[in-house]
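Dear colleague,

I am handing over the structure we spoke of, with a short account of what was found in it. Please read the notes alongside the coordinates.

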Amino acid sequence: MHAQIITYKLNGISNAEYAARMVEPDAPILAEVAALHSKVWLANPETNTFGGFYLWHSRADMEAFMASELVAKVVSRPFLSDIEVQDFEVPEAPSRITRGLAAD
């Protein structure tokens, strides 16, 4: 497993517009990405920070997604700014103990 956190700021768009123009249409598309184990949407309106926590089956899966046309389309949206991406290895044994991953 491999984890990724992507954050961004909203630029000239309300939270409701963001939900209608990005969250609602993108969620079903992301649900179809086979290599994506899960995505948790993140929102902190007080700091204007939004994004997601992604859990991938592998680092290679994450890298393929990041090189995809879908990601290129998302990052080109004019209402997103200050996009930051971090990725992490997931130590699976302790993550299973703390219920971060389902038991085999």
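Predicted model: local features only at pLDDT ≥ 70, side-chain atom pairs only at ≥ 80, totals over all residues.

At least two lining residues come from each of β1 (2-10), α1 (15-31), β2 (36-44), α2 (59-66), α3 (69-75) and β4 (80-89).

Helix α1 bends by about 30° at V23, with a proline, P25, following within four residues. Its buried residues are Y18, M22, D26 and L30, and an α-helix has 3.6 residues a turn, so residues three or four places apart point the same way. The cover over the buried residues of α1 includes β1, β2, β3 (49-56), α2, α3 and β4.

The count of aromatic pairs comes to five. One of them joins Y18 and F50 in a tilted arrangement, 5.2 Å centre to centre and with 55° between the planes; because Y18 lies in helix α1 and F50 in strand β3, this pair ties together parts that are 32 residues apart in sequence. Y18 is buried, with a relative accessible area of 5%, and F50 is buried as well, at 3%. Y54 and F65 form another tilted pair, at 6.2 Å centre to centre and 40° between the planes, which links strand β3 to helix α2 across eleven residues; both Y54 and F65 are buried. Finally, Y8, Y18 and F50 form one aromatic cluster.

With best wishes

Methods
Residues numbered from 1 in each chain as written. Heavy atoms only, no water. Bend = angle between axes of the 7 residues up to and from the residue. Buried < 20%, exposed > 50% of the residue type's maximum accessible area, 1.4 Å probe, protein only. Contact = heavy atoms within 4.5 Å. Phe/Tyr/Trp six-rings, centres within 6.5 Å; stacked < 30°, edge-to-face > 60°.
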